[in-house]
Amino acid sequence: MGGAPEVKIRGMSAADIDFASGLVHAAGWASESMDSFSAFLAHDPGGCFIAEVGGERGGVCIATKYERHGFIGELVVSKHLRLLGLGQLLFQRALDYLLAAGLESIGLDGDLNAVSFYEKMGFRKVCRSLRFRGKFRGKKHAHVRPLRPEELDRLCGLDRDFFGDDRSFFLRRRLESFPRNCLVAERDGEMRGWIMARPGDNLLAVGPWAAIVPEEAAPLLEHLASEHGSETLRLGVLDRNAGAVRLLRSWPGFQEGIHSWRMVRGPSERLGDHPALYAIGSGAKG
Ligand SMILES: CC(C)(COP(=O)(O)OP(=O)(O)OC[C@H]1O[C@@H](n2cnc3c(N)ncnc32)[C@H](O)[C@@H]1OP(=O)(O)O)[C@@H](O)C(=O)NCCC(=O)NCCS
């Protein structure tokens with residue numbers, strides 16, 4: 001008696017990090033790394049899910065719980081195990097986890113081919129989530145310098161106002177893990193913006209990137225690029241931020257890729273939607 005192999009959704013552990021990271025790279029998502037999944041696990045292991053079929057690992061999905069909002073990402077199923085229902089099961093588990101927490105709204109970035117699937121799950125399109133990548137030499141600016149650990153509390157407070165929720169766990173971790181990639185723009189003792197980045201698969205994933213004073217957006221990115229001259233920069237922007245979109249579309253060296261859709265379930269469309277926030281509004285993704 002054979003029967004269908006058992007399908008199971010279980011919690012992720014540290015031993016699954018290489019599997020999860022390999023799966024998202026195979027799906028073409030170069031911004032994620034082993035460190036991204038370590039961060040998700042360290043933040044909230046209860047929101048990290050793995051699908052198994054007959055004991056074989058076949059998919060991953062991550063639910064990130066902030067204080068009032070949630071975010072679902074990293075939904076990928078191994079190619080040879082697709083259309084067996086794993087994607088739906090993983091997503092449902094992540095959604096149930098966030099719904100049980102009583103969050104106000106849940107967001108995601110849906111690839112074009114998955115939008116109708118998410119619509120069936122109660123999500124609606126909010127705006128385009130644009131992708132840019134490019135390589136350029138950049139330029140140093142005297143008022144841009146490394147972020148200091150003692151400035152993190154203030155930065156996290158500002159970020160909370162812009163992002164619309166508390167993602168300080170990810171910001172603190174980014175400074176600890178990649179101090180060289182965390183910069184602030186300061187004039188007359190006043191923090192006017194910041195930029196952070198993390199290494200992905202042969203690229204530098206930029207974000208968060210915030211400009212309290214809009215004129216500081218370009219110097220921050222130029223300075224970051226000047227310190228990573230040989231690397232491709234990759235970043236995402238919500239098309240609600242007209243200033244960020246204008247800047248990147250006119251920036252020599254950046255190419256715009258295929259966009260996805262920022263989608264939301266619940267009343268609030270606030271997460272990450274702020275004119276000072278230039279790079280995409282997900283804590284873990286930057
Ligand atoms: C999207 C993905 C996770 C779906 O996983 P899956 O295990 O094949 O999905 P399921 O078998 O549970 O199917 C769920 C639904 O999505 C639909 N679907 C799955 N893959 C699809 C695709 N590539 N295009 C359109 N619809 C698709 C199925 O038909 C099913 O719809 P139904 O309930 O009306 O029958 C998988 O195709 C994948 O890993 N894709 C690459 C990464 C990706 O695009 N992730 C989502 C980005 S936001």
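Trainee: How many bridges join strand β1 (residues 7–11) to β2?

Mentor: Five bridges join them, and the two strands run antiparallel. Strands pair if DSSP finds at least two bridges between them. Strands here are DSSP runs (E, at least two residues) and helices are too (H or I, at least four), numbered from the N terminus. This is a predicted model, where local features need pLDDT of at least 70 and side-chain atom pairs count only at pLDDT 80 or more, while totals for chains, interfaces and linings use all residues. Residues are numbered from 1 along each chain as its sequence is written.

Trainee: Which residue in β2 stands opposite G11?

Mentor: That is F49. On to the next pair: six bridges join β2 to strand β3 (residues 56–65), again running antiparallel, and A51 has G59 in β3 as its bridge partner. β2 and β3 form a hairpin with two residues between them, and G54 in the turn has a positive phi of about 55 degrees.

Trainee: Why is β2 described as largely enclosed by the rest of the structure?

Mentor: Because five of the six residues of β2 (residues 48–53) are buried. Buried means that 20 or more other C-beta atoms, placed from the backbone, lie within 10 Å of the residue's own; 12 or fewer means exposed, and in between is partly exposed.

Trainee: What describes two packed helices?

Mentor: The angle between their axes and the distance between the axes. Here, the axes of α1 (residues 17–26) and α2 (residues 34–43) come within 8 Å and cross at roughly 125 degrees. Axes are lines fitted to C-alpha atoms, for helices over the stretch in contact, with angles from 0 to 180 degrees between N-to-C directions.
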